Amino acid sequence: MLVCSSHFLRNIIGQKYQYRGRVLNLRIDTVLFPSGAEKIREVVEHKAAAAILAVDKDGSIHMVSQYRHAIDKDVLEIPAGIVESGEDPLETAVRELQEEIGCKPGKIEKVSEFYSSPGYSTEKIYLYYATDLEQSKLPEDDDEYLSSSKFTPQKISAMIDSGEVNDGKTIMAYFWYVSRKAAEECR
């Protein structure tokens, strides 16, 4: 298997912004490859986000149903939101829980950070695990229309199997949680 550092694989020889927005920018790069080929690469520069797997004392997992304009559907997912300029992703996670499910975490830990779709987007998602939840409601954003519910892990598994839950960050968070619980039981 050939492994190369990315700086040997390409050289950006042109860069143009097609669009600059509040949440994302669209950049068109002209890339020169070692073969001499020039290719166009479309890049979505997207703000980072924080997502939170929030679990109650009884083991129920908080989810929100939220309309997502890009796919014109309501999506069942874990609470999440954009990291605002100058904001630490942990602060975003706590704020989003208060806005979306009306709780703040007594305990919160970072699980992972990952790119949602690095083939074309810079979006990084910071995933957190929150427990010891306490009532603490902040107003929702004025462009969010959501409802929150709690589900057992078994119910979420069935909803993933049926396709009712099809959000990538939520599926990843769920399987991380199941793996962690299994590891804890083995100790």
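**One residue and its surroundings**

Mentor: Leaving out residues up to four places away in sequence, Glu123 touches His46, Lys47, Ala49, Phe114, Tyr115 and Ser116, where contact means heavy atoms within 4.5 Å. The model is predicted, so local features need pLDDT of at least 70 and side-chain atom pairs count only at pLDDT 80 or more, while totals for chains, interfaces and linings use all residues. Residues are numbered from 1 along each chain as its sequence is written, and side-chain values use heavy atoms, with hydrogens and water left out.

Glu123 sits in the loop between S8 and S9; helices (H or I, at least four residues) and strands (E, at least two) are DSSP runs, numbered from the N terminus. With a relative accessible area of 16%, Glu123 is buried. Here buried means under 20% relative accessible area, exposed over 50%, and partly exposed in between, with a 1.4 Å probe and protein chains only. Ile82 is 41 residues away along the chain, and its C-alpha atom is 9.9 Å from that of Glu123.

A salt bridge is a side-chain nitrogen of Lys or Arg within 4 Å of a carboxyl oxygen of Asp or Glu. Glu113 makes one with Lys110, at 2.3 Å from N to O. Lys110 is partly exposed at 43% relative accessible area, and Glu113 is partly exposed at 35%. Glu113 also meets Lys124 in a salt bridge, at 3.0 Å from N to O. Because Lys124 lies in strand S9 and Glu113 in strand S8 (residues 103-115), this pair ties together parts that are eleven residues apart in sequence.

The count of salt bridges by this rule is 15. Another of them joins Glu96 and Arg95, whose closest N and O atoms are 2.9 Å apart; both residues are buried. Arg68, Glu77, Asp167 and Lys169 are linked in a salt-bridge network.

Next, the nonpolar cores. A nonpolar core is a set of buried Ala, Val, Leu, Ile, Met, Phe, Trp, Tyr and Cys residues joined through side-chain atoms within 4.5 Å. The largest core has 21 residues, and Leu53, Ile61, Met63, Ile78 and Ile156 have the most contacts inside it. The elements giving two or more residues to this core are strand S4 (49-54), S5, strand S9 (124-135), H3 and helix H4 (168-186). Beyond its neighbours within four places in sequence, Leu53 is in contact with Ile61, Ile78, Leu127, Tyr128, Tyr129, Ala130, Ala173, Trp176 and Tyr177. A second, separate core has 13 residues, including Ala50, Val64, Ile101 and Leu133.

Strands of a sheet pair through backbone hydrogen bonds, either parallel or antiparallel. Two strands are taken as paired if DSSP finds at least two bridges between them.

Strand S5 (residues 61-68) is joined to S6 by five bridges, and the two run antiparallel. Tyr67 has Asp74 in S6 as its bridge partner.

S1 pairs with strand S2 (residues 24-32) in the antiparallel sense over eight bridges, and Tyr17 has Arg27 in S2 as its bridge partner.

Last, the cysteines. A disulfide is a pair of cysteine sulfur atoms within 2.5 Å, and the count by this rule is zero. Cys103 is buried at 7% relative accessibility, whereas Cys186 is exposed at 69%.
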